[in-house]
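The entries follow in the order I looked things up.

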Amino acid sequence: MTAPNASTPPPQLTLDEVAKVAKLSRLSITPDRASAYQGQLSAILGYVKQLQTIDLTGVEPMTSPLDMGSRLRDDTPGPTLPNDQFMSITPEPAAPFFAVPKVLGDGGSA
Amino acid sequence: MDYPAANVVQIAHAIRTKAVSAVDVARAALDRADALNPKLNALTQTFHEQALQRAREIDQSIAQGQPLGPLAGVPIAIKDNICTTLGKTTCASRYLENYRSPFNAFVIDRLIASGANIIAKTNLDEFAMGGSGEHSCFGPTRNPWDLSRVPGGSSSGSAAAVSAGIVPAALGSDTGGSIRQPASLVGLTGLKPTYGRVSRYGLVAFASSLDQIGPMARDAQSCAMLLSAIAGFDPRDSTCAQTPDEDFVELARTSQPIPMRIGIAREGRSDANHPAVSEALDNTVRTLTSLGIECVDVSLPHASLGVAAYYVIAPAEASSNLARFDGVRYGRRAKLAPGEGLLDLYEKSRSEGFGPEVQRRIMLGTYALSSGYYDAYYNTALKVRRLIKQDYDAAFAQGCAAILMPTAPTPAFPIGQKSGDPLSLYLEDIYTVGVNLAGLPAISFQAGLSEDSGVKLPVGMQLVGPALGEAQLLRLVGLFQSASTWHALTPKL
């Protein structure tokens with residue numbers, strides 16, 4: 001994915017770009033699916049492009065409807081759910097831990 | 001009491017005064033669920049045993065003269081993206097199809113404390129992403145007015161269950177119109193509260209700066225009763241407003257109407273509207289005027305950019321929120337082949353677990369946030385979001401108590417009509433997304449009926465209020481419903 005000029009993003013995604021976005025999204029998609037997504041995502045991005053046609057000079061981005069921002073609490077430990085409740089919903093429990101495949105060595109590239 | 005037709009207030013009153021027992025009401029709801037759900041696919045789960053047991057306990061409390069919550073014995077259904085320790089919380093996703101929440105959402109604890117009887121959880125577009133109810137791993141929900149049509153979404157099952165008279169009220173969630181648009185398409189009253197009015201603790205997050213839980217029911221009075229139960233301060237949601245608990249039923253009482261000014265959004269009078277929608281808008285203005293309410297034209301000049309801004313911001317937030325589904329801690333975990341590692345676990349679990357619409361939105365959001373595109377898409381959308389908010393502020397500054405516009409440009413469309421073309425479905429959200437971007441409260445209510453080849457379909461209008469203006473919206477719709485009968489129409493099933 002080549003970084004574009006901020007004011008003129010490409011309206012059309014290539015299949016390579018779809019594959020790259022899928023990878024960043026931690027999704028594996030079949031070639032059929034990639035082709036469908038290419039058309040659909042391109043159409044949506046083409047529509048969204050109209051945002052870039054208006055003058056936004058001096059307009060501050062608005063990340064939340066709340067003027068005050070998030071309320072913070074004191075950083076003090078409090079009660080939490082007991083470990084066995086977490087273990088009861090994990091697909092492969094290794095109580096009291098969550099099990100993951102081997103990460104280092106031949107365990108993959110995550 | 002005629003169960004399927006009664007509203008929340010009537011059912012609560014009948015139980016409290018022993019005109020009917022909570023057990024009889026629960027049975028009526030469960031029987032209707034059993035009879036109608038095979039047609040509608042509105043419910044993901046029904047809680048027969050637990051609901052009857054709770055009803056027995058409520059009847060016992062009444063017999064012993066113990067204090068009762070305002071919703072004692074009233075059957076309620078819950079959208080299945082709201083966490084309950086009762087049953088599963090599936091989000092209509094293969095990823096969470098067997099997930100059991102170890103905790104209740106804030107709104108669930110509040111409903112239980114109010115005496116409500118949760119009898120079922122309802123179908124939805126997967127993770128609340130969709131406007132038709134078709135994107136569910138359990139299959140599409142059907143519109144009780146015409147089973148070949150969508151009920152709208154994403155709170156599709158809540159809408160269909162209330163419209164069909166299975167329950168008198170349900171909870172939905174609204175990120176871009178997901179309470180209001182289905183309410184419009186099945187003929188209900190649905191309220192999206194102000195951002196921060198209702199705690200999001202226990203609502204499975206889709207787009208955290210837009211999501212709100214709210215009630216869907218036959219009328220404004222019923223919505224007011226549910227809102228009184230679920231609104232209030234919760235320290236576990238850092239965006240929850242520090243407002244006191246309020247009695248919205250009392251605040252919305254219609255016995256003494258006061259003159260008010262309503263703005264009619266010019267942008268809501270589009271040529272793209274279905275003729276029945278335009279007609280319902282004109283009729284609503286006439287009814288409100290006859291009630292002594294002054295109706296003036298207002299303009300929301302950036303409203304047309306709402307869908308474009310929303311479909312950058314909501315997917316961006318979704319791509320971040322749904323990163324938690326990694327195959328490790330809960331939900332689906334893919335089987336790995338020898339030699340596959342952690343990255344494969346992430347990719348396989350997510351690809352097996354998420355349906356196409358969820359994958360599409362995650363990819364869209366990931367793209368909009370990725371290096372080189374952030375400014376062009378995400379930051380630009382956030383600036384447009386502020387302009388949309390400022391349009392509403394300017395309209396309210398003209399002395400308008402609320403702004404009227406259609407909820408959706410068309411009545412319910414046939415199942416399958418828009419599948420394969422996600423953009424055409426997104427464009428149906430033109431009148432609803434701006435409210436979420438601005439964080440405002442809005443209420444949809446039935447205001448007309450379209451008739452086409454013998455098929456009758458409800459048409460909804462919405463009133464948008466200033467922040468924390470729910471009482472005024474409920475009051476206005478209550479007034480409208482005291483002067484009209486649209487809300488009393490029910491589908492023939």
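This is a predicted model: local features need pLDDT of at least 70, side-chain atom pairs count only at pLDDT 80 or more; totals for chains, interfaces and linings use all residues.

F127(B) and F354(B) are both buried. For F127(B) the relative accessible area is 4%, under the 20% cut-off, so it counts as buried.

Next I looked at how these two rings meet. Their centres lie 5.8 Å apart and the planes of F127(B) and F354(B) stand at 80 degrees; that is over 60, so I noted the pair as edge-to-face. The two residues are 227 apart in chain B, and the pair links distant parts of the chain. F127(B) is in the loop between β3 (117–122) and α5 (156–163), while F354(B) is in the loop between α11 (342–353) and α12 (356–369).

Which aromatic cluster holds F127(B) and F354(B)? I found Y95(B), Y99(B), F325(B) and Y330(B) in one cluster with them.

I also read the backbone of F127(B). Its phi is near 55 degrees, a positive value in a residue other than glycine. N41(B) also has phi near 55 degrees, and I placed N41(B) in the loop between α2 (22–40) and β1 (43–46) of chain B.

Then I searched for cis peptide bonds. One joins A95(A) and P96(A), with omega about 5 degrees. P96(A) lies in the loop between β1 (93–94) and β2 (97–98) of chain A. Another joins G153(B) and S154(B), with omega about 10 degrees. S154(B) is in the loop between β3 and α5 of chain B, and that loop also holds F127(B).

I turned to the largest pocket. How much space lies in it? I have about 1200 Å³. Its lining has 32 residues, and L81(A), F103(B), Y201(B), G202(B) and R236(B) lie nearest the centre. I sorted the lining into 19 nonpolar, five polar and eight charged residues.

Back to the rings: the whole structure gives 16 aromatic pairs over all chains. In one of them, F103(B) and Y201(B) have centres 5.5 Å apart and planes at 40 degrees, so I called the pair tilted. This pair also links distant parts of the chain, 98 residues apart. F103(B) is in the loop between β2 (75–79) and α4 (106–113), and Y201(B) is in the loop between β5 (189–192) and β6 (212–217).

Are F103(B) and Y201(B) buried or partly exposed? F103(B) is partly exposed at 24% relative accessible area, and Y201(B) is partly exposed at 24%.

Last, I looked for charges over rings. The charged end of R236(B) sits over the ring of Y201(B), 3.9 Å from its centre. The charged end of K418(B) sits over the ring of F413(B), 5.0 Å from its centre.

Methods. Residues are numbered from 1 along each chain as its sequence is written. Chains are lettered from A and ligands numbered from 1 in the order in which they are written. Side-chain values use heavy atoms; hydrogens and water are left out. On a 1 Å grid over the protein atoms alone, a cavity is a set of points where a 1.4 Å probe fits but cannot get out, and a pocket is an open set with protein on both sides within 12 Å along at least five of seven lines; lining residues have an atom within 4 Å of a point. Grid points are joined across faces, edges and corners, and a volume is the space filled by probe spheres set on the points. Ala, Val, Leu, Ile, Met, Phe, Trp, Tyr, Cys and Pro count as nonpolar, Asp, Glu, Lys and Arg as charged, and the others, Gly among them, as polar. Rings of Phe, Tyr and Trp (its six-membered ring) pair if their centres lie within 6.5 Å; planes under 30 degrees apart count as stacked, over 60 as edge-to-face and the rest as tilted. Helices (H or I, at least four residues) and strands (E, at least two) are DSSP runs, numbered from the N terminus. Buried means under 20% relative accessible area, exposed over 50%, partly exposed in between (1.4 Å probe, protein chains only). A charge sits over a ring if NZ of Lys or CZ of Arg is within 6 Å of the ring centre and within 35 degrees of the ring normal.
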